[in-house]
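Subject: Structure for you, with notes on pockets and strands

Hello,

Here is the structure I said I would pass on.

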Amino acid sequence: EPELLTDSGYYNLKPKWSRDGRSVYFVKRDADSYPAIRQLNISSKQTKILFEGRFFDDNFSVSPDGRELLVAKTDTYKNFYDYKDIYAFELASQKLQRVTVGQRAADPAVSPDGKILVYVKNEKGTRSLVGVPLSFEAGAQYFSPCFSPDGKRIAVAKHTTDGRQKIYLIDPNSGAESVMIHGDQSSTEANPAFTPDGRYVLFDSDRTGIV
């Protein structure tokens, strides 16, 4: 049976394990407090606020060394626009540093060697994958990229111009893309995640019907 870690109601979203396995980071949104990234201690079940911000349903990532969280947060840009950008939160110093400016960025992911940051950029009705030398299908939209444990592949949900959304595997060096599962063209797939050994990809799908 699954173990309930939070029982506060409302929205407790996008859980991510700390690198030492002692904590879980997650986004909390409710009616009584400002949205925040929180840290849950697995042993004590106690939570604490790390930092507040306008967070929505974007993924965030833990850096490979476990020292930083990479998040997408909405802020005012040029005194008029509300754009999402990528921020790095250093856990030891509790300092928040802006990584992108005015990029309308979301869903950051970091390669295992810490040398490549990829994120999704929302621009003129498209969602492009930024940070690696890739070529993209015009009009395609990308969601929730993640690196394989060895850093040799990126799994990402891609919504193509024909209205289909599938999981694609991308080579970060060449930019070559390939759809992960062939044959079933009717289902919508989303939110890929590699298993720790890199042998499997977990993902959402409505192939058995809307749930």
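This is a predicted model: local features need pLDDT of at least 70, side-chain atom pairs count only at pLDDT 80 or more; totals for chains, interfaces and linings use all residues.

The largest pocket holds about 1100 Å³ of space. Its lining comprises 33 residues, and those nearest the centre are Lys16, Arg19, Cys146, Ala193 and Phe194. Several strands each give at least two residues to this lining: strand 1 (11-17), strand 5 (61-62), strand 9 (105-110), strand 12 (141-147), strand 16 (189-194) and strand 17 (201-205). Sorted by class, the lining has 21 nonpolar, 8 polar and 4 charged residues.

The second largest pocket has a volume of about 200 Å³. Here 13 residues form the lining, with Ser63, Glu68, Leu70, Val110 and Gly114 nearest the centre. The classes are 7 nonpolar, 2 polar and 4 charged. Strand 6 (68-77) and strand 7 (81-90) each contribute at least two of the lining residues.

Those two strands also pair with each other: strand 6 and strand 7 run antiparallel over 10 bridges. Leu70, one of the residues nearest the centre of the second largest pocket, sits opposite Ala88 in strand 7. The hairpin has 3 residues between strand 6 and strand 7, and Lys78 takes a positive phi near 55 degrees there.

Strand 7 pairs with strand 8 (residues 95-98) as well, again antiparallel, over 4 bridges. Tyr87 has Arg98 of strand 8 as its bridge partner. This second hairpin has 4 residues between its strands, and Gln94 in the turn has a positive phi of about 60 degrees.

Regards

Terms used: Residues are numbered from 1 along each chain as its sequence is written. Side-chain values use heavy atoms; hydrogens and water are left out. On a 1 Å grid over the protein atoms alone, a cavity is a set of points where a 1.4 Å probe fits but cannot get out, and a pocket is an open set with protein on both sides within 12 Å along at least five of seven lines; lining residues have an atom within 4 Å of a point. Grid points are joined across faces, edges and corners, and a volume is the space filled by probe spheres set on the points. Ala, Val, Leu, Ile, Met, Phe, Trp, Tyr, Cys and Pro count as nonpolar, Asp, Glu, Lys and Arg as charged, and the others, Gly among them, as polar. Two strands pair if DSSP finds at least two bridges between them.
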